[in-house]
Amino acid sequence: MSSSPQDDYLERVKAEIRAEADIARARDPLVRHDPPSRAKKAQRPVFDEGIDRARLDYAIGELTGAHYRAFIDQAFRALLKRPPDEAGSEMQVRLLAAGASKAEVLGNLRWSPEGRRVGTRVGGLLPRYALAKFVRVPVLGYFVEWGLALAGLPMLLRHQRAADTSSAAGFAALAEAQANTRRELDQLRAAHAALDSEHNRRSEAMRADISRMLLRLDALEEHARSPHASAHEAIELRHYVHAINHWITSLQRSLGDLEDDAARSRSRADALAASIDAGAEETSARSARHASWSAVLATRLPTGARVLDLGSGDGAWLAALAARGIAASGIEANAALVARAQRHGLAIALGDPLAVLTRCADGDLDGLSLSAATLARDETDIAVLLAEALRVLRPGGQLLLRCEHEPHRFAAADTTADAAHHNGALLAAAGFVQPTNLPAHRAHAVLALRPA
Amino acid sequence: MRIAVLVPGLTPHDAVSNDTLGLTAALRQFGHEVAVFAQHASGVDEAVLAPAAIHSWLRSPKDVVLYQYCVGWDFALGLFRHTQARRIVRYHNITPPEFFAGWSDDYENSCAGGRDQLDAYAQMNCELYLGCSPYNLEDFTSRGVDPARCALLPPFHQVEQLRQLSPDARRLPAGSPLLLMVGRLAPNKAHLALVDALAVLNERQPGVHLLSLGKLDPRLSRYGDALLARIDEHDVGTETTLIQDASGAELRAAYERADVLLMLSEHEGFCVPLIEAMALGTPVIARASSALPWTLGDAGLLWESSDPHLVAAAVMRLHSDTDLREALRTRGRARYAELFAPSVLERGLHAAVQRLAA
């Protein structure tokens with residue numbers, strides 16, 4: 001058991017996987033091949049092709065009612081337990097077109113090697129099939145068929161009269177359809193004539209416009225040749241130069257605005273990083289609120305609960321969860337912060353938090369923690385985020401929304417208390433219940449339950 | 001340049017058809033006059049001419065005929081033997097017939113017939129052999145074709161269109177981890193090995209589920225029966241979902257929801273599902289067979305064996321190791337952008353055609 005050489009990282013991972021596989025193989029060397037119970041067998045997946053695979057008994061009348069390709073399709077599904085393949089279907093259609101009976105086609109399928117393997121029983125088919133084959137014997141078969149036809153003459157006459165009636169009904173329906181088609185054709189012709197007339201009218205108008213434009217062009221050329229033309233051109237040129245100057249000034253102003261925006265974004269990022277790097281006093285306050293929040297969360301989660309933290313920042317909150325014995329992993333979009341958290345041994349990965357949330361399976365998590373400052377940029381983001389959160393949490397799972405560095409950015413409110421109230425309302429609107437505010441100095445968190 | 005593209009048939013959701021439509025559009029974009037000739041076409045937005053009309057369409061020795069070689073087709077072989085036009089063999093590979101022995105005589109004979117024509121095309125000294133993968137080109141270089149006449153061009157695909165679709169997950173199962181297999185139900189695709197791996201996983205991880213998206217050809221009904229029997233043997237019926245008529249939106253949702261694309265196929269000429277998974281961020285575990293190692297590169301876990309314990313251990317590791325998952329996703333997206341993005345393919349096709357013109 002070897003693998004294609006891949007890079008060092010993958011080779012190391014693969015070596016570990018091989019070791020795990022060896023242990024698992026030694027522990028449970030054989031895959032169980034117990035026969036399934038009847039109930040389990042009924043639950044197995046099926047290839048949905050409209051085939052009753054369990055049914056192996058038919059009366060011949062059930063298979064001869066359909067005609068042409070419908071008959072062939074039904075015969076394949078009943079006798080071979082599969083849809084017809086193109087070549088097989090064509091061959092049987094050609095037989096029918098050459099005058100073969102349906103019994104002969106059914107017999108061909110039933111006693112083909114494939115049909116024998118399936119073994120479907122068709123009551124009354126065997127004598128009819130034998131007879132169909134027998135009448136193909138030279139000379140003797142002809143006389144037998146002739147005799148049979150003579151004996152069946154009264155029935156043939158009845159069938160002929162029934163066929164005449166059926167044909168007459170078909171012809172009547174066809175005549176009616178033809179009349180309808182003719183009516184629709186007449187309507188289409190009338191519509192076409194109207195369109196044609198409109199087209200001609202517009203063409204005439206266009207030709208008149210073109211004539212007028214040509215005349216105007218001639219006049220302009222005449223004007224250009226006049227002695228005053230150069231003065232007019234100079235005035236027009238000056239007008240164009242002024243317009244271009246105006247456009248360039250606007251462009252420079254727009255570029256300046258863009259540069260200002262970029263500078264503001266940089267300073268905002270710097271401010272965020274600075275707030276994370278705040279002094280001992282802020283760190284102490286943060287540790288205190290994290291300890292308080294994680295204590296509340298720990299009481300509401302089962303032992304061994306899976307918690308995902310989105311927007312983990314430098315991982316301080318993850319560390320607080322870990323200190324409470326909660327198995328939490330985090331996602332953060334800022335590579336520098338991820339590197340810092342990983343140096344402290346925290347389970348954190350670089351990624352787009354919303355994308356990671358979208359990829360989580362339904363009901364997969366016991367707890368989900370969201371950092372509002374990192375995640376949401378507008379109300380649309382928040383609605384999507386909370387809908388996803390509801391999806392990935394198991395019934396009874398806990399959602400914790402943290403607003404620490406920029407509480408007002410997430411909730412359109414003026415104070416921390418207002419923001420907490422606003423966030424509680426948002427969670428309720430998204431379908432969460434029992435929102436609990438967890439206040440702290442210049443920050444707050446809201447804890448809510450995903451209903452069962 | 002006038003270019004005739006000859007293909008056995010065009011149908012939706014088919015790799016060779018997608019390649020035909022993609023390269024036809026790209027060639028037209030470069031300013032070439034292109035016509036497509038096929039025996040049948042349905043559900044595709046392309047005007048198609050009957051193959052017999054190609055003789056009169058090709059007027060000059062400077063014209064080009066590009067043949068999408070994926071089955072045995074005597075008409076194409078005859079045309080390549082007698083035409084004065086320049087010839088490009090676009091090779092997608094043909095499954096070796098031994099994979100179908102005991103499952104379908106029809107498939108076995110058809111594949112044998114297709115591979116038998118390899119020698120004839122190799123001896124023709126065509127102007128260009130355009131392989132979808134290095135593995136495909138080996139079929140010609142090992143038969144003496146001058147490597148200078150060979151060029152590599154991965155197939156055009158519908159990944160970008162797939163990316164634009166809204167996911168439809170209504171028919172998809174909700175297992176976790178969810179193992180995904182995309183490809184028709186055929187013996188070379190190793191669905192039986194997938195079920196074996198699922199059985200081992202099922203012992204270790206309740207909730208694991210296998211989702212297979214792909215059609216079963218009626219001629220391979222024996223293989224379908226064997227697959228159902230294997231599912232019964234392992235008692236994993238409730239952990240398996242087989243969907244034969246998945247839509248594009250469902251395929252999109254499956255890649256999004258799946259924890260891993262599990263591709264244990266033993267023979268692939270390229271394997272488009274791998275690049276779909278790479279582009280859409282689904283980690284891949286694959287068998288290191290045929291063209292798969294080149295297509296996947298270091299963007300997934302490759303194994304020489306389909307041993308169920310090994311595959312199960314790889315799935316469990318991927319499920320529990322966030323860093324590994326993220327690393328594979330990042331590498332997959334990068335590999336797709338570098339080698340398989342439409343703009344890359346267009347540049348490759350342009351270079352190949354320019355080479356022909358020179």
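Predicted model: local features only at pLDDT ≥ 70, side-chain atom pairs only at ≥ 80, totals over all residues.

## Exposed area and composition

Residues are numbered from 1 along each chain as its sequence is written, chains are lettered from A and ligands numbered from 1 in the order in which they are written, and side-chain values use heavy atoms, with hydrogens and water left out.

Chain A contains 19 helices and nine strands, and chain B contains 14 helices and 13 strands. These elements are DSSP runs numbered from the N terminus (helices: H or I, at least four residues; strands: E, at least two). Of the 452 residues of chain A, 31% are buried, whereas 64% of the 358 residues of chain B are buried. Buried means under 20% relative accessible area, exposed over 50%, and partly exposed in between (1.4 Å probe, protein chains only).

## Nonpolar cores

The largest nonpolar core has 114 residues, and Tyr121(B) and Phe140(B) have the most contacts inside it. Such a core is a set of buried Ala, Val, Leu, Ile, Met, Phe, Trp, Tyr and Cys residues joined through side-chain atoms within 4.5 Å. Beyond its neighbours within four places in sequence, Phe140(B) is in contact (heavy atoms within 4.5 Å) with residues including Tyr69(B), Val89(B), Tyr121(B) and Val145(B). Another core, of 26 residues, lies apart from that one and includes Leu27(B) and Leu356(B).

## A buried aspartate

Asp139(B) lies in helix H5 (residues 134-141) of chain B. Its relative accessible area is 12%, so Asp139(B) is buried. Its side chain makes polar contacts with those of Tyr91(B), at 2.8 Å, and Arg115(B), at 3.3 Å. A polar contact is a pair of N or O atoms within 3.5 Å; within protein, one must be able to donate a hydrogen and the other to accept it, and residues adjacent in sequence count only if both atoms are side-chain atoms.

## Salt bridges

Over all chains there are 43 salt bridges, each a side-chain nitrogen of Lys or Arg within 4 Å of a carboxyl oxygen of Asp or Glu. One of them joins Asp57(A) and Arg121(A), with the closest N and O atoms 3.2 Å apart. This pair links distant parts of the chain, as Asp57(A) is in strand E1 and Arg121(A) in strand E2 of chain A, 64 residues apart. Asp57(A) is partly exposed at 43% relative accessible area, while Arg121(A) is exposed at 51%.

Arg257(B) and Asp362(A) also meet in a salt bridge, at 3.7 Å from N to O. Arg257(B) lies in helix H9 of chain B and Asp362(A) in a loop between helix H15 and strand E6 of chain A, so the pair joins two chains. Arg257(B) is partly exposed, with a relative accessible area of 23%, and Asp362(A) is partly exposed at 34%.
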